[in-house]
Amino acid sequence: MTQLPAHLLTAAAPRPDYLLGPASAPARAGLPALLTASGGILSHGDLRAAIARMTGHLPDAATGRRLVHLALRPDLDSVIAYLATLEAGHVALVTSDEPQAAAILDRYRPDVRATGDPEHPFKIDSRTPRHLLHPDLALLLSTSGSTGSPKLVRLSHRNLAGNAAAIAKALRLTAADRAITSLPLNYCFGLSVLHSHLITGGSVVLHEGSVLDGALWDAIDNLGVTHLAAVPHMVELMESTGVLERDHSSLRLILQAGGRMHPDRVRRTAALGREHGWGLSVMYGQTEATARICVLDPTLTAENPDAVGRPVAGTSLHLDTAVPEAAQGTGEVLVRGPGVMMGYAEHPDDLSLGAMLTELRTGDLGRIGADGLLRIVGRRSGFVKVMGVRIDVAVIEQALETAGYPACVGGDGARLLVAVQPRPGGPTDAIAAEARRIAGRASGLGPAAVAVAVTNLPRLSNGKVDRPGSAALVRANTDAEPGTAGAMPGADPRAADVAKAVSQVLGTDSVDLRRTFVQHGGDSLSHVQASVRLEGIVGPLPQGWHHRPLAELAALAPTGRAAAGHGEGGVPVRGRRRGWRTVESSVILRALAVVAICGSHADLFDVLGGAHLLLAVAGFNTVRFGLSAPSVAGRWRATARILVGVAVPTMLIALFGMLATGRYGWSNILLSHWLIGDTTEGSTRNEYWFIDAMVASLLVLTAVLSVPAVARAWRRDPWRVAAWLTAAALVPRFVILALTDTSMAPSIMPTTLWLVALGAAAAYGDTRLRRWLTVALGIVGGATFFPEQPMRNAVVIVGIAVLVLVPRMRIPARLVPLVALLAAASLYIYLVQFMVLSAFENDVVETVAALATGCLLWCLADRPLRRLQNLIPPPTR
């Protein structure tokens, strides 16, 4: 089809009154249209007025229709902006707000972006249209929410109107019905719920959260929700938590789509519905068909648990039984009707094209019975659904082939199955790890959801790759090893959450659930992010969690906790932070100490002792992770990894300070100012004393633990060794402070080593007596550490007592991200604070600027530095 002339493409499209019904229906104006969980209600009349106001912020379509990007979220401003975009005659490009949408935005370069700001709801990037847009084009969606490909589905006004009306008719929706946004609105199923309820004069509750979130069920019960949309994994979660066994008096129908649900679960769910007064309607659809193709009447569900229903009004089906995969009365499902898309868009030029299809080949294999019910029996090659996310296998195979790995990609619903052709002489483990990384990134699922087998690809007699045979080889390879990273995450969503958390924190794509966090290279620098993220998945972490296999940690997670905030069926859901969360005390102490250090140096307040407390925390974390390695060589490798994480940023920032301001010198860059530098009181070059002391103490501690007799004792009883080291380190602490009165005396390695050793003892205080003896050593060392500064001594002692006696604390969940960020970035905050503080006059501004700069620098440097650390093998490998 040829492109239309430009003058036609700038014509404003018809007003989409179909989304709210006829404008002349006054009886509908006062009925609720959109509700919020907080109690806000917008009637249909008010919604029309809000849309009219919102269109005033958009360019006039008569001057050229625009492509408008909307990261559609379930809130009033976002939904009104979406409806206003259609009302104004522009084209809506709807995506998630996740980073994966960047590929789509880079390719299509929208003219206008929705901001979410009520005052300035749109940002106009181009005053003139960048694209030729076909007059019928209304909406662009990624295929079934897929994040693996920038291929978009082009939907027309006729598609939206026809499918919304057909769904409403099939479900017998009325103005009395009310849905809730249990699915993301960038997902075609979730968006169809909004459309079909508004078109009948019904209403939708805008709520953001998981079916495991009690607030969602409060909204369902308190706001009279009648319809709940769900994908199979959501139904599984609801069944496992028993929430459907409770009374929900307003609930009339559960709508299930987004993938095949096992017939047994369909029967159980339908039976629950009969018992509690609601029905289950199984549905079938695709983004390419605007949303829904078939709907199963809830009265037929129990007797036909393997069926997906009859076609919606205006839609017809037939089977192509000539496809190679067809057998025994099955064929590829072909769809005709008003919902069939205009076509795909793979390039901005495609947006000018009209309808390219009259019939949709779904890629699904099905059977149509004498009763007219469609039953899906499988899929043709081309797309697979993994955890509810539809993946274009060609994209994955192309990414692998580009990297030099010929492969065949499939899926089994829970995992992406990748068979990779081996390279002559190439190491199998390395090939599998790299293929898993590439496929996980290209699909958007992450490496934890990918199962890989390195094998000669089986071929058919015509020379083509045998796809079923390849998938069978992958299953045989991974299922034979149920603990492998390829098999276990797919079988257990909780394990996938744990694997993904560790993968992202450590910057590694090869996560083996049989190994521990430490065995993957986890150390005192990465444990903050890991512990906070894992606490969010499994709840309070057990003692010694970092030495437990990841699979064991995943098994500790209640299903509800594991999935909170996680996408049901692979669909991303952004849960709300409520209540309280348990966080390791060492994490909270790091965050509080670095804030105290910055604020005290800025003269905002006077809470000294934070840096010395951080030395004890450093000893505590160092021995828990790297120095817990069983061998001397492993402990030195762990120390080397930590030194890379500490020394590299310190040396670079000190070098910058030396060249830009002259504040630091070579003694700071070499981390040895206490040995070779000028320690005159007031010199700015003393500012990095904490880094010098920590690095030197870590080297001394590792060296001592390398002495054969000490190493053997450490393996038998690490607390006893750490306690004796603390007692021994107290000797130079008292001697040096007694012989000198310089202010720098308490800030050099010989006088602070006891703090690092004491932290090591705190990590292994496994009985009440040992914990109190550790606190007693802290009191002995800290009570007179700073002569004439009792409050500073008290800060150190109290901090040590908390570290020893209170392993974890409960804090408001909303504070967890801030605490985790400050703790993780504490090194960078310490390093940059002095240069930042000197640039401002106001104490509050100085403190906030120093904290923010350190956090920003950590965000930029953490991943590259992690890759540098990964050049050194983990201590237990």
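Mentor: Helices here are DSSP runs of H or I with at least four residues, strands are runs of E with at least two, and both are numbered from the N terminus. This is a predicted model, in which local features need pLDDT of at least 70 and side-chain atom pairs count only at pLDDT 80 or more, while totals for chains, interfaces and linings use all residues. Residues are numbered from 1 along each chain as its sequence is written, and side-chain values use heavy atoms, with hydrogens and water left out.

Trainee: How many helices and strands does the chain come to?

Mentor: The chain has 32 helices and 27 strands. Of its 877 residues, 57% count as buried, a word that means under 20% relative accessible area, with exposed over 50% and partly exposed in between (1.4 Å probe, protein chains only).

Trainee: Then let me try a loop. Where is the place of Asp 603, and why is Asp 603 called exposed?

Mentor: Asp 603 is in the loop between α19 and α20 (610–624). Its relative accessible area is 62%, so Asp 603 is on the exposed side of the cut-off. Asp 603 also has a positive phi of about 65°, although it is not a glycine.

Trainee: What makes Arg 172 exposed?

Mentor: The relative accessible area of Arg 172 is 54%, which means that Arg 172 too is exposed. Arg 172 sits in the loop between α6 (157–170) and β9 (178–180), and its phi is positive, near 55°, in a residue other than glycine.

Trainee: Now a helix. What makes α7 largely enclosed by the rest of the structure?

Mentor: In α7, 12 of the 12 residues are buried, so the helix is largely enclosed. Among them are Cys 188, Phe 189, His 195 and Ile 199. Helix α7 (residues 188–199) reaches 16 Å from its first C-alpha to its last, close to the 16 Å expected; that expected span is 1.5 Å times one less than the number of residues. Just after α7 comes Gly 201, with a positive phi of about 85°.

Trainee: How many residues of α19 are buried?

Mentor: The count is 14 of 17, so α19 is also largely enclosed by the rest of the structure. Helix α19 (residues 585–601) reaches 24 Å, close to the expected 24 Å.

Trainee: Why are α19 and α32 described by the word they get for their angle?

Mentor: Their axes cross at roughly 135° and come within 9 Å; an axis is a line fitted to C-alpha atoms, for helices over the stretch in contact, and angles run from 0 to 180 degrees between N-to-C directions. Under 35 degrees would be roughly parallel, over 145 roughly antiparallel, 65 to 115 roughly perpendicular, and the rest is oblique. Helices α19 and α32 are therefore oblique to each other. In this pair, Val 594, Val 595, Cys 598 and Gly 599 of α19 meet Thr 847, Ala 850 and Leu 851 of α32.

Trainee: Finally, the sheet. In what order do its 4 strands come, and which are the edge strands?

Mentor: The order is β16-β17-β19-β20, in an open sheet with antiparallel pairing. The edge strands are β16 (316–320) and β20 (374–379), since each pairs on one side only. On average, neighbouring strands of this sheet are turned by 50° against each other, direction ignored.

Trainee: How many bridges join β16 to β17, and how many join β17 to β19?

Mentor: Two strands pair if DSSP finds at least two bridges between them. There are 5 bridges from β16 to β17 (residues 331–336), one of them between Ser 316 and Arg 336. Strand β17 is joined to β19 (residues 360–368) by 4 bridges, and Glu 332 has Leu 365 as its partner there. Both values meet the cut-off, so both count as pairs.

Trainee: What do β19 and β20 form?

Mentor: They form a hairpin with 5 residues between them, and Gly 372 in the turn has a positive phi of about 85°. Over 5 bridges the two strands pair in the antiparallel sense, including the one from Ile 368 to Leu 374.

Note on methods
Contact = heavy atoms within 4.5 Å.
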